[in-house]
Amino acid sequence: MIGLNKRANVYLNSFEFLFFIGALIGVGAYLNATMLMPVLRTGILLLGMALGLCFIGIELFLWILMNRNSKILDVTYLLVELICCVYATIKIPFAGIYVLVGFSLLKDALRISFVNKLYIPKEFDYYCKMFNIKVKDFPKKPVPKKQRVPEGNLVVEITKKESKVVHKKTA
């Protein structure tokens, strides 16, 4: 396997984004819920904080798995994200939240797309063995093998699929 398990990468990045959105909603609901009972308001805050901690935990785990160049790109990406967030908030109040969500979604999509280039090979396997975690990767479809057999002046191309043999004549 080269790099991080693709299925685990999709799950980690999807849950990271959902926890990020949940943390933003939880903290926003806490700030806007001034008329609620204090117990309910505290529960909303604790839920938002718990989701935020899960987001941070996944982010740090993915940071550990990254190679050196990816870490440099990630820090650069975070700086650009913060600059855009501050600039958007200066121009339009509360627009920085939308910028954070957009950048987080883009970062997760890029992580899923470039899984083989971002992460250290076999590092994920090391942590899976350490914590006895088993994650199956996406199933791979077998590629049918082709054979070329000359028959006189025609070439017959034979494709083997499971238990069937398909003959195709080409000139």
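**Note on the predicted helical model**

1. Of the chain's 171 residues, 27% count as buried. The model is predicted. Where contacts link residues at least 6 apart in sequence, 58% of them join residues at least 24 apart.

2. Helices H1 and H2 pack with their axes 8 Å apart and at an angle of about 150°. Because angles over 145 degrees are classed as roughly antiparallel, H1 is roughly antiparallel to H2. The crossing of these two helices is left-handed.

3. On the H1 side, the contact includes Leu12, Phe15, Glu16, Phe19, Phe20, Gly22 and Gly26. H2 contributes, among others, Ile44, Leu45, Gly48, Leu51, Gly52, Phe55, Ile58 and Glu59. By residue class, the contact of H1 with H2 divides into 15 nonpolar, five polar and three charged residues.

4. Neighbours within four places in sequence aside, glutamate 59 is in contact with Glu16, Asp74, Lys107 and Arg111.

5. The largest nonpolar core has 13 residues, and those with the most contacts inside it are Leu4, Leu62, Leu65, Tyr119 and Phe124. Two or more residues of this core come from each of helix H1 (6-32), H2, helix H5 (115-118) and helix H6 (123-131). Another core, of six residues, lies apart from it and includes Cys85, Ala88, Ala95 and Val99.

6. Phenylalanine 124 is among the residues with the most contacts inside the largest core. Leaving out neighbours within four places in sequence, the contacts of phenylalanine 124 are Leu4, Asn5, Ala8, Phe61 and Leu65. Of these, Leu4 and Leu65 are also listed among the residues with the most contacts inside that core.

7. Most residues other than glycine have a negative phi. Phenylalanine 94 has a relative accessibility of 64% and so counts as exposed, the threshold being over 50%.

Key:
Residues are numbered from 1 along each chain as its sequence is written. This is a predicted model: local features need pLDDT of at least 70, side-chain atom pairs count only at pLDDT 80 or more; totals for chains, interfaces and linings use all residues. Side-chain values use heavy atoms; hydrogens and water are left out. Contact means heavy atoms within 4.5 Å. A nonpolar core is a set of buried Ala, Val, Leu, Ile, Met, Phe, Trp, Tyr and Cys residues joined through side-chain atoms within 4.5 Å. Buried means under 20% relative accessible area, exposed over 50%, partly exposed in between (1.4 Å probe, protein chains only). Helices (H or I, at least four residues) and strands (E, at least two) are DSSP runs, numbered from the N terminus. Axes are lines fitted to C-alpha atoms, for helices over the stretch in contact, and angles run from 0 to 180 degrees between N-to-C directions. Angles under 35 degrees count as roughly parallel, over 145 as roughly antiparallel, 65 to 115 as roughly perpendicular and the rest as oblique. A crossing is left-handed if the near helix is turned anticlockwise from the far one by less than a right angle, and right-handed if clockwise. Ala, Val, Leu, Ile, Met, Phe, Trp, Tyr, Cys and Pro count as nonpolar, Asp, Glu, Lys and Arg as charged, and the others, Gly among them, as polar.
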